[in-house]
Amino acid sequence: MAGIERVVVRRMELADVEAVHQIDTLSFSLPWPERSFRFELLENPLSRAWVAVVGEEKQIAAMMVLWLIVDEAHIGTLATHPNFRRLGLGARLLAHGLLAAREEGAQQSFLEVRRGNLAAQALYQRFGYEVTAVRARYYRDNGEDALLMTLADLQSEACRVRLTAFL
Ligand SMILES: CC(C)(COP(=O)(O)OP(=O)(O)OC[C@H]1O[C@@H](n2cnc3c(N)ncnc32)[C@H](O)[C@@H]1OP(=O)(O)O)[C@@H](O)C(=O)NCCC(=O)NCCS
């Protein structure tokens with residue numbers, strides 16, 4: 001990965017929650033409460049939470065929570081710290097999470113994204129997600145629509161190759 005060194009993607013731990021919550025707060029107008037991340041780690045067996053850490057000091061630069069619901073991988077949240085965007089971390093994290101979910105049997109993946117969030121939509125389109133539904137006025141802060149995006153071919157070899165290219 002050009003421009004950034006010593007990137008490691010690993011499962012999120014309790015000790016990461018403060019830094020993860022900070023990224024969440026910097027990234028979303030409706031961030032999760034900090035306790036939600038602890039709940040995901042301690043109490044939600046469907047949850048697969050990941051972080052990307054960078055540099056010698058192993059700073060947490062990106063985070064993702066994915067829910068594995070039977071054979072569906074739902075992206076609950078994904079964000080990169082503003083200081084580390086456009087360095088490939090979001091893509092790398094998403095690819096790790098989806099490949100792990102694929103190994104656990106996930107057949108497809110779903111997520112919701114704001115209609116105006118073109119950066120995230122561009123990322124998801126590169127992974128093969130397509131808009132399959134619109135949830136009108138889904139977001140309670142500004143009444144923005146959510147686009148439901150679906151990745152349908154998670155078990156295919158073509159998808160594995162596509163995802164692996166982001167690692
Ligand atoms: C969306 C987000 C997670 C992307 O993270 P990132 O680490 O910057 O993304 P990457 O560097 O891995 O980008 C991979 C590709 O996604 C696309 N992309 C990412 N950010 C983009 C932007 N601002 N504009 C256009 N395309 C973008 C590009 O195709 C990019 O590849 P490229 O840099 O080679 O052109 C990040 O912008 C973010 O945290 N946003 C706020 C939170 C958010 O919206 N999360 C998603 C909620 S559904």
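Ala, Val, Leu, Ile, Met, Phe, Trp, Tyr, Cys and Pro count here as nonpolar, Asp, Glu, Lys and Arg as charged, and the others, Gly among them, as polar. The model is predicted, so local features need pLDDT of at least 70 and side-chain atom pairs count only at pLDDT 80 or more, while totals for chains, interfaces and linings use all residues. Residues are numbered from 1 along each chain as its sequence is written, and side-chain values use heavy atoms, with hydrogens and water left out.

View 1. The shell divides into 12 nonpolar, 5 polar and 4 charged residues. Among the 21 residues around the ligand (a heavy atom within 4 Å), Leu78, Gly88, Gly90, Asn117 and Arg126 come nearest. Helix α4 gives the most, with 6 residues; helices are DSSP runs of H or I with at least four residues, strands are E runs of at least two, and both are numbered from the N terminus.

View 2. A backbone N or O atom of glycine 88 lies 2.7 Å from a ligand oxygen, and one of glycine 90 lies 2.8 Å from a ligand oxygen. For arginine 85, a polar side-chain atom lies 3.4 Å from an oxygen atom of the ligand.

View 3. Phenylalanine 127 sits in helix α4 and phenylalanine 166 in the segment after α5 (157-164), 39 residues apart.

Note on methods. A polar contact is a pair of N or O atoms within 3.5 Å; within protein, one must be able to donate a hydrogen and the other to accept it, and residues adjacent in sequence count only if both atoms are side-chain atoms.
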